[in-house]
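Biologist: I'm new to reading protein models, and I'd like to learn step by step. Could we go through one together?

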Amino acid sequence: MTVQLDDVTLGYHDSEPVLRTLSATVRSGQLLAVTGPSGAGKTTLLSALAGSLRPQAGTVSVDGEPLRDRDHAVSRKVVLVPQDNGLAAVLTAGENVQVALIAAGLSPVDARRASMAALERLGLAGQSDQLVEELSGGQQQRTALARALALRGDVLLADEVTSELDATNRQLVLDLLRAEADRGAAVVFATHDPEAAAACDAELHLLDGQAELLRPAG
């Protein structure tokens with residue numbers, strides 16, 4: 001699986017572009033950190049990779065096929081963990097994972113089993129029956145990641161999924177992102193944490209509308 005950005009310019013409506021003429025490639029087995037200050041365009045870039053934001057110019061493609069929209073990206077098994085976690089507050093942690101798995105085609109029984117396994121990997125087995133609104137910010141982040149891991153995408157996009165975590169859980173999440181890459185997924189991880197970025201294979205740094213590959217993958 002290869003995710004390709006070719007001379008991509010990204011922006012919203014008629015405003016000035018957030019990112020200009022960006023080109024980058026992420027392949028199966030790679031873990032790419034996207035870094036930069038607040039407002040540099042990290043979330044904007046992940047939105048384009050997820051098919052949620054159409055480029056003003058250039059092309060975002062998966063295995064050579066340009067992404068048309070979010071539904072198309074989902075069909076290509078592009079999984080997104082958004083910065084706001086995207087969880088339904090009125091459902092439990094377990095239900096949030098199960099609903100996504102059932103929508104992906106699993107039976108309710110298999111969805112429940114896979115949900116419990118994913119939450120356990122994130123240290124949340126005891127929170128499965130808690131409403132999301134009752135969880136801490138860090139627990140919500142880990143629930144959103146559990147849902148993404150359970151979906152076993154070919155491309156995993158994670159937006160600031162360690163921002164509210166303590167050191168132990170941050171390392172757990174980084175290990176799980178690495179495991180996804182080792183499984184064969186192409187993983188893109190937006191972060192403001194230099195230590196987390198250093199644990200990735202390569203770093204794409206965004207600044208003033210431009211992108212620079214600071215540490216190319218070997």
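Biologist: Which residue in β2 does T2 stand opposite?

Modeller: Good place to begin! Keep in mind that this is a predicted model. T2 stands opposite R27 of β2. Now step back to the strands themselves: β1 covers residues 2-10 and β2 covers residues 19-27, and they pair in the antiparallel sense over six bridges.

Biologist: In which sense do β1 and β4 pair, parallel or antiparallel?

Modeller: Antiparallel, over five bridges, with β4 spanning residues 57-62.

Biologist: Let's move on to cores. How many residues does the largest nonpolar core have?

Modeller: It has 36, and L122, L156, L177 and F189 have the most contacts inside it. Helix α5, residues 137-151, gives this core its largest share, six residues. A second, separate core has 30 residues, including V62 and L49.

Biologist: What is L156 in contact with, leaving aside its neighbours within four places in sequence?

Modeller: Among its contacts are V79, V81, A148, L149 and L177.

Biologist: And pockets? What volume does the largest pocket have?

Modeller: About 330 Å³. Of its 17 lining residues, V74, V79, A100, A104 and L151 are the closest to the centre. Helix α5 gives the largest share of the lining, five residues. By class, the lining has 14 nonpolar and three charged residues, but no polar ones.

Terms used
Residues numbered from 1 in each chain as written. Predicted model: local features only at pLDDT ≥ 70, side-chain atom pairs only at ≥ 80, totals over all residues. Heavy atoms only, no water. Pairing = 2+ DSSP bridges. Helix = DSSP H or I, 4+ residues; strand = E, 2+ residues; numbered from the N terminus. Core = buried A, V, L, I, M, F, W, Y, C linked by side-chain atoms within 4.5 Å. Buried < 20%, exposed > 50% of the residue type's maximum accessible area, 1.4 Å probe, protein only. Contact = heavy atoms within 4.5 Å. 1 Å grid on protein atoms, 1.4 Å probe; cavity = no way out; pocket = protein on both sides within 12 Å on 5 of 7 lines; lining within 4 Å. Points joined across faces, edges and corners; volume = space filled by probe spheres on them. Nonpolar A, V, L, I, M, F, W, Y, C, P; charged D, E, K, R; others polar.
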